[in-house]
Amino acid sequence: MSPEKHVIEIQSGSKKIKIGDGSFTVMAGPCSIESYQQFFSTAKMVAEHGASLLRGGVWKLRTSSKSFQGLGSEALEIAQKVTKELDMGITIEVTDPRQIEELYSMVSMFQVGSRNMHNYALLKELAKQDKPVLLKRGFAALVSEWVNAAEYVNQGSDKPKVILCERGIRTFETSTRNTLDLNSAIYAKKNTPYPVIIDPSHGVGIANLVPDLALASTALGIDGLIMEVHPNPKEALSDGMQALTFENFENLMTKTTKVLTALDRSLQRMQ
Ligand code: PEP
Ligand code: MN
């Protein structure tokens, strides 16, 4: 494996951000885009407090077929409007190769969800396009399988485009939703060329533990965080139990900046 570290450039609105160059990037937004008001208010707040890329689900892969499945094309229209208004980029999960074309013009980065890390048909299709890809770790995947999946996506590309995301794994422990595997995150950071970010929201699945895990992740030395935020978590249509409130997010960003300063690092900000 090449020890040479990849730096990924992401176009976020009219600005470019870099991941893997030593800076620290925060990506945030709701689990699902639920309405214009919900997405706009969340996006504006996270941007004002240091996020440089938005997130928001459009098609949701839910364990139960009866759970909210995402607003689909209505969510895409909302995402398009809000990203334009705020001059911000967004990462959206692609759940099916047939969505790639439709998503291409509007995402800054594709997201491959944990459930699709082994979907090699999807990975091969993503290899054919040139936008960055956030590759979430399968919740039961070995680091070697995760890295092999990344190689599928990078195959044939003249510039690196994969960012790895640790989002918690399934273990014997059930008191938290998942077990955030900091071991594997730092192992991947030190032993592979890929930038690594951490998703403490899915990693622990309990909102009042997310800031602690986010700070531990920041101290670990990875390239950034991706987190779920909602204006009213109790009313969220998906993953409300792990969503940060606006106040939680703002407080966490103050502490994150302090941890970074202590480590001679800094938060990448939209200029
Ligand atoms: C998400 O980001 O909302 C999500 C579904 O994540 P994961 O694929 O890690 O479960
Ligand atoms: Mn979610």
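## Report on a predicted barrel model

Strand β1 (residues 8–12) pairs with strand β2 (residues 15–19) in the antiparallel sense over five bridges. The model is a predicted one, in which local features need pLDDT of at least 70 and side-chain atom pairs count only at pLDDT 80 or more, while totals for chains, interfaces and linings use all residues. Residues are numbered from 1 along each chain as its sequence is written, chains are lettered from A and ligands numbered from 1 in the order in which they are written, and side-chain values use heavy atoms, with hydrogens and water left out.

Helices (H or I, at least four residues) and strands (E, at least two) are DSSP runs, numbered from the N terminus; two strands pair if DSSP finds at least two bridges between them. Ser12 stands opposite Lys15 in β2. The two strands β1 and β2 form a hairpin with two residues between them, and Gly13 in the turn has a positive phi of about 60°.

**The barrel and its helices**

Eight strands form a closed barrel in the order β3-β4-β5-β6-β7-β8-β9-β10, with parallel pairing. On average, neighbouring strands of this sheet are turned by 25° against each other, direction ignored. Axes are lines fitted to C-alpha atoms, for helices over the stretch in contact, and angles run from 0 to 180 degrees between N-to-C directions.

**Helices α6 and α8**

The axes of α6 (residues 182–191) and α8 (residues 210–220) come within 11 Å and cross at roughly 25°. The two helices α6 and α8 are therefore roughly parallel to each other, a term for angles under 35 degrees, whereas over 145 is roughly antiparallel, 65 to 115 roughly perpendicular and the rest oblique. Leu182, Ala185 and Ile186 of α6 meet Ala216, Ser217 and Leu220 of α8. The residues of this contact divide into five nonpolar, one polar and no charged; Ala, Val, Leu, Ile, Met, Phe, Trp, Tyr, Cys and Pro count as nonpolar, Asp, Glu, Lys and Arg as charged, and the others, Gly among them, as polar.

**Individual residues**

Buried means under 20% relative accessible area, exposed over 50%, and partly exposed in between (1.4 Å probe, protein chains only).

| Residue | Relative accessible area | Class |
|---|---|---|
| Ser184 | 9% | buried |
| Ile206 | 29% | partly exposed |
| Asp239 | 10% | buried |
| Asp264 | 75% | exposed |

Ser184 lies in helix α6. Neighbours within four places in sequence aside, Ser184 contacts Arg137, Val143 and Trp146.

Ile206 is found in the loop between α7 (200–204) and α8. The C-alpha atoms of Ile206 and Gln242 are separated by 4.6 Å, although the two residues are 36 residues apart along the chain.

Most residues other than glycine have a negative phi. Asp239, in the loop between β10 (224–228) and α9 (246–262), has a positive phi of about 55° although it is not a glycine. Asp264, in the segment after α9, has a positive phi near 60° and is likewise a residue other than glycine.

Terms used:
Contact means heavy atoms within 4.5 Å.
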